[in-house]
Amino acid sequence: MLKAPGDQESTPNVKSATETESRARRVPPLLTDPPAPSAREPNFATPRFRDLRERLIQGALRVSAGISILTSFGILFILLKESLPFFKEVSPIDFLTGTTWAPLMVPRDYGVLPLVGGTLLVTGVAALVVIPVGSLAAMYLSEYASDRKRKILKPMLEVLAGIPTVVYGYFAITIVTPGLKAIIPGIEVFNALSAGIVVAIMIIPTVASLSDDAMRAVPKSLREAGYGLGATQREVTVGVVYPGALSGILAAYVLAIGRALGETMIVTMAAGATPQLTLNPLESIQTMTGYIVQVSMGDTPAGTPGYLSIFAVGLTLFVMTLCINLLSFWIKRRYRQAYA
Amino acid sequence: MKRSELFPNNIARRQRRDRLFRLMTVGATSIGFIALAVLITGVLIEGLPFLTLDFLDRFPSRKPELAGFKAAFWGSLWVIGLTTAITVPVGVAGAVYLEEYSGESRFQKLIELLIANLAGVPSILYGMLGLIAFVRMFQDTTDPTYFLGIQLPFGRSVLAGACTLSLLVLPVLTIATREALRAVPDSLRKAAYGLGSTRWQCTRHHVLPAALPGILTGVVLSISRALGETAPLIMMGALTYVAFTPAGVYDQFTTMPIQIFNWAGRPQADFHSVAAAGIIVLLAVLLGMNALVVLLRNRAERSRIS
């Protein structure tokens, strides 16, 4: 970072001290003579006033940057604090290993596995659809499309990521589900398959666009080496470019899966409200997010275990997405070392 | 490995496979566009008959042909206006600190990691944060008390909704703004420092104006996201049936996505058409915002000294 005239000495940088110094030497020293005071207005340009103002502004900027710390720990703190009373009544082991989720009717059961299973089923369907579709689309954008086509197609594809999820939910129940019913007559009105497919459509741009970036970062010389050995374009794409960009592509998959895990409106509207452990995507299920919406829209009295359970479910979801995020950071860090 | 295994000699077959593969990639790319086209056509066919001028001027009703979007439309404008007012200064300031002030510090590394993680936290969890931190302010009731004319806790108000959405989209804006700031050449800063300007003077008068087009893109990206969000607002208790428009920041509200969700969930088919009409309005507003930013950005780019 460049050093500015009037910087406070206590600036907490200097990791690469030599570099900062050599750059600072190129910057002329602070002009100590203040400009001549104007007759009309008081002189605010004195070094003292300027230093004070600089310090105040820097403080304000620092506070703004620190909001993310507050938000992160705020979410974690609130989830822990609110689910604590729940875990006083329901043991965490029963919660995490129970296979029946029936918090709103007697006999009550608080086994979260059906909700986790529902979330994973929808995410699984979405991943099965989006990984081939998104990867192939990325291969087209990066290897086959001309620069002009790519410049038009990529932003258009990214429109898909900007459509509100409630619109996708509507799409799922009014168009995709009836369409699936025409092909598979036995499918239930609310089902994991339709929700999963629509979630997949939503995250196509995430996978395609990030994988395209990763594949374009593969050096041209590798492709040329492939062609030099007599490979066809498909053989180069599948055998050289895709493996060469694999870590970036994996990071894109992981990011997309993280978005599918936390997706709320599509699964609430299309996947149903029947918590059950099943691998059959044609059945109605309930996801963690779907349950949270159901309770917060209903009239479960605040303070009861039924209501507090949403915070325990939220905490479970938070831990799952945190693991996914950490995985993607880890992959990305490895990727950076690949073609620097 | 034998040579014949590495690249088999039957070139005609390999080229046939190549053509097939190319078709597959084209097909995969078009799936997204086909879905988009089907979605938009479906919504238009369903919704257009219900989309009258009156639609924006009526409150919700139990009869689909009388149902209107007024409360949701104005509710969304209130929430989004306030969200913008909170998000833009805070997000840009945070990004400026990280790019122009902090240098490579531990504080910066921590924040970078947290922002990247926050961008991946499901939006409904922000709704929980909003419910506890803003709607209830860690109390058991939402009965308002007043402190210096500020109502505490915020209750299920426009203000609480806007604060929640701001926290949700801050990472988006911060990441985009940082990228815009990083693209400003160092020569600009060197010139400003060389003339004796302080760090803030340089940032305010040179770096921020140069980064403005990129920042504007980030603003629209984050505000569009806030405009389409449903789950966190439902979580924090925004209403689904509202027959008034907010008159102040402490009023209760509903928004367009929530109203659409409500209509789409009803059993009568006619309400699905009303939902489609609502979707047309929502998408039109989003499209308008994005078009506006393209205009603004072109203008900012033209007036910039390159």
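A residue is called buried if 20 or more other C-beta atoms lie within 10 Å of its own, exposed if 12 or fewer do, and partly exposed in between, with C-beta atoms placed from the backbone. The model is predicted, so local features need pLDDT of at least 70 and side-chain atom pairs count only at pLDDT 80 or more, while totals for chains, interfaces and linings use all residues. Residues are numbered from 1 along each chain as its sequence is written, and chains are lettered from A and ligands numbered from 1 in the order in which they are written.

**Exercise 1.** Decide whether B:Ser166 is buried or exposed, and describe its surroundings.

*Solution.* Begin with the location: B:Ser166 is found in helix H6 (residues 158–182) of chain B, where a helix is a DSSP run of H or I with at least four residues, numbered from the N terminus. Next, count neighbours: B:Ser166 is buried because it has 25 C-beta neighbours inside 10 Å. Then list its contacts (C-beta atoms, placed from the backbone, within 7 Å): leaving aside residues up to four places away in sequence, B:Ser166 touches B:Thr83, B:Ile86 and B:Thr87. Finally, the C-alpha atom of B:Ser166 is separated by 9.1 Å from that of B:Gly91, although the two residues are 75 residues apart along the chain.

**Exercise 2.** Describe how chain A meets chain B.

*Solution.* First, count both sides: 82 residues of chain A are in contact with 75 residues of chain B. Second, find the main contributor: helix H2 (residues 47–89) of chain A supplies the largest share of chain A's side, 19 residues.

Conventions. Contact = placed C-beta atoms within 7 Å. Helix = DSSP H or I, 4+ residues; strand = E, 2+ residues; numbered from the N terminus.
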